[in-house]
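Me: I have a two-chain model open. Please walk me through how to read it, one feature at a time.

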Amino acid sequence: MLAVTLSLVGGCTTQSYAPASDAVTRELKIKAGDEIRVVTTRRERLTFEVTEVRGDRFIGVTAKPHPKELRPAGETVEVAFDELAVLEVTRFETSGAALAMAAVLVTVSAYAVVLGTVPALPPGP
Amino acid sequence: MGSHRILKLNAVLSIGLLLGACTYQQSLQHPKLPPLVPIDRTMNCRQIDLAIDRADTVRWLIRDDGGSLETSGHKAARYAGNAVLTPIIGGPLPMYIGDGGNTVLSAADERIRELLLLKRDRSCSPRATTLQGMDDLTLLVELEAVQVQFDAGRGEQSELFRQRTKLLDGLRVVPSLGPTPP
């Protein structure tokens with residue numbers, strides 16, 4: 001359970017981009033269902049879940065606003081690619097998760113070899 | 001005696017820097033803008049203005065999150081603080097004094113300057129700034145004057161940074177937030 005939890009956490013990576021062109025934005029392969037945070041050239045900060053990716057824009061629904069974001073949750077937004085200055089996306093990377101899982105398993109195995117027992121969480125109340 | 005005074009001075013500087021670093025909090029990860037590459041030099045005037053808008057927005061984000069430029073004196077004190085003092089005051093959790101956004105802000109400043117130079121080389125039309133009686137190409141002239149002084153090591157570094165920051169802070173007239181034009 002611990003290994004699975006840690007690998008899930010370890011597999012999540014947040015990456016920020018400053019796309020220099022529409023083509024670069026498309027290369028990020030943002031898809032419907034992704035939650036992204038953006039800053040537009042009109043200096044608006046937005047967090048939204050992408051519902052549709054068109055040739056030149058994202059369409060989505062705003063999520064719970066982070067500090068300094070003005071729009072409430074649940075609003076439909078359209079962000080043209082040429083208005084994007086910063087884009088941040090959090091993704092689950094299977095390679096990162098596998099690495100984290102391997103690290104946990106190696107640690108637990110080493111612990112078991114040294115102490116002759118497998119560590120276990122104490123039973124709950 | 002002398003080394004004791006230096007240690008005290010270092011401690012005061014480091015605490016000051018630590019407090020200063022607290023004012024820089026990234027609301028989202030600040031990307032480090034790259035310098036121009038050869039393909040960027042094929043941009044037309046409209047694309048150059050768009051690239052300036054983008055770089056200026058990244059720069060604004062860093063500034064809005066408390067980022068500022070760091071003088072070499074501050075940098076030296078920060079390094080000393082991180083190397084000597086931080087393990088002592090950090091206790092079991094090591095603390096680290098960051099650069100207050102200097103790296104990402106410097107990169108944004110430099111990219112904007114390069115884009116403005118490209119814009120002038122292409123004889124593109126100037127755009128208004130928020131600075132009285134100054135368009136963006138006039139601003140570039142002022143910016144270059146500051147840079148020449150900086151490169152020559154003339155003048156107080158903090159004052160030159162202040163001038164550069166003031167100029168670039170006023171670079172762009174940002175359209176007001178409203179409904180997105182169709």
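This is a predicted model: local features need pLDDT of at least 70, side-chain atom pairs count only at pLDDT 80 or more; totals for chains, interfaces and linings use all residues.

Me: How many helices and strands does chain A have?

Reply: First the idea. Helices (H or I, at least four residues) and strands (E, at least two) are DSSP runs, numbered from the N terminus. Chain A has three helices and six strands. Along the sequence they follow α-β-α-β-β-β-β-β-α.

Me: And what is the make-up of chain B?

Reply: Six helices and zero strands. From the N terminus, chain B reads α-α-α-α-α-α.

Me: What share of the contacts joins residues at least 24 apart?

Reply: A contact means C-beta atoms, placed from the backbone, within 7 Å. Take the contacts in chain A between residues at least 6 apart in sequence: 53% join residues at least 24 apart. For chain B, with a separation of 6 or more, residues 24 or more positions apart account for 78%.

Me: Which strands of chain A pair, and in what sense?

Reply: Two strands pair if DSSP finds at least two bridges between them. Strand 2 and strand 3 of chain A run antiparallel, joined by five bridges. Strand 3 (residues 45-53) of chain A also pairs with strand 4 (residues 57-62) of chain A, antiparallel, over five bridges. Strand 4 of chain A in turn pairs with strand 5 (residues 76-80) of chain A, again antiparallel over five bridges.

Me: How many residues lie between the strands of each hairpin?

Reply: Strands 3 and 4 of chain A form a hairpin with three residues between them. The hairpin of strands 2 and 3 of chain A has four, and there A:R43 takes a positive phi near 65°.

Me: Is A:A32 buried or exposed, and what does it touch?

Reply: A:A32 lies in the loop between helix 2 (22-27) and strand 2 (35-40) of chain A. Leaving out residues up to four places away in sequence, A:A32 touches A:V50, A:T51, A:E52 and A:V53. The C-alpha atoms of A:A32 and A:V53 are 6.7 Å apart, though 21 residues separate them along the chain.

Me: How many residues of each chain are in contact across the interface?

Reply: 19 residues of chain A are in contact with 17 of chain B. On the chain A side, strand 1 (12-17), strand 2 and strand 6 (84-92) each supply at least two residues. By class, that side has seven nonpolar, four polar and eight charged residues. Here Ala, Val, Leu, Ile, Met, Phe, Trp, Tyr, Cys and Pro count as nonpolar, Asp, Glu, Lys and Arg as charged, and the others, Gly among them, as polar.

Me: Which residues have the most contacts inside the largest nonpolar core?

Reply: In soluble globular proteins, nonpolar side chains tend to be buried together. A nonpolar core is a set of buried Ala, Val, Leu, Ile, Met, Phe, Trp, Tyr and Cys residues joined through C-beta atoms within 7 Å. The largest one has 38 residues, and those with the most contacts inside it are A:V38, A:V86, B:A55, B:V58, B:A108 and B:I112. Helix 2 of chain B gives the largest share of this core, eight residues.

Me: And which residues does A:V86 touch?

Reply: Not counting residues up to four places away in sequence, A:V86 touches residues including A:V38, B:L28, B:P31 and B:V58.

Conventions: Residues are numbered from 1 along each chain as its sequence is written. Chains are lettered from A and ligands numbered from 1 in the order in which they are written. Two residues are in contact if their C-beta atoms, placed from the backbone, lie within 7 Å. A residue is buried if 20 or more other C-beta atoms lie within 10 Å of its own, exposed if 12 or fewer, and partly exposed in between; C-beta atoms are placed from the backbone.
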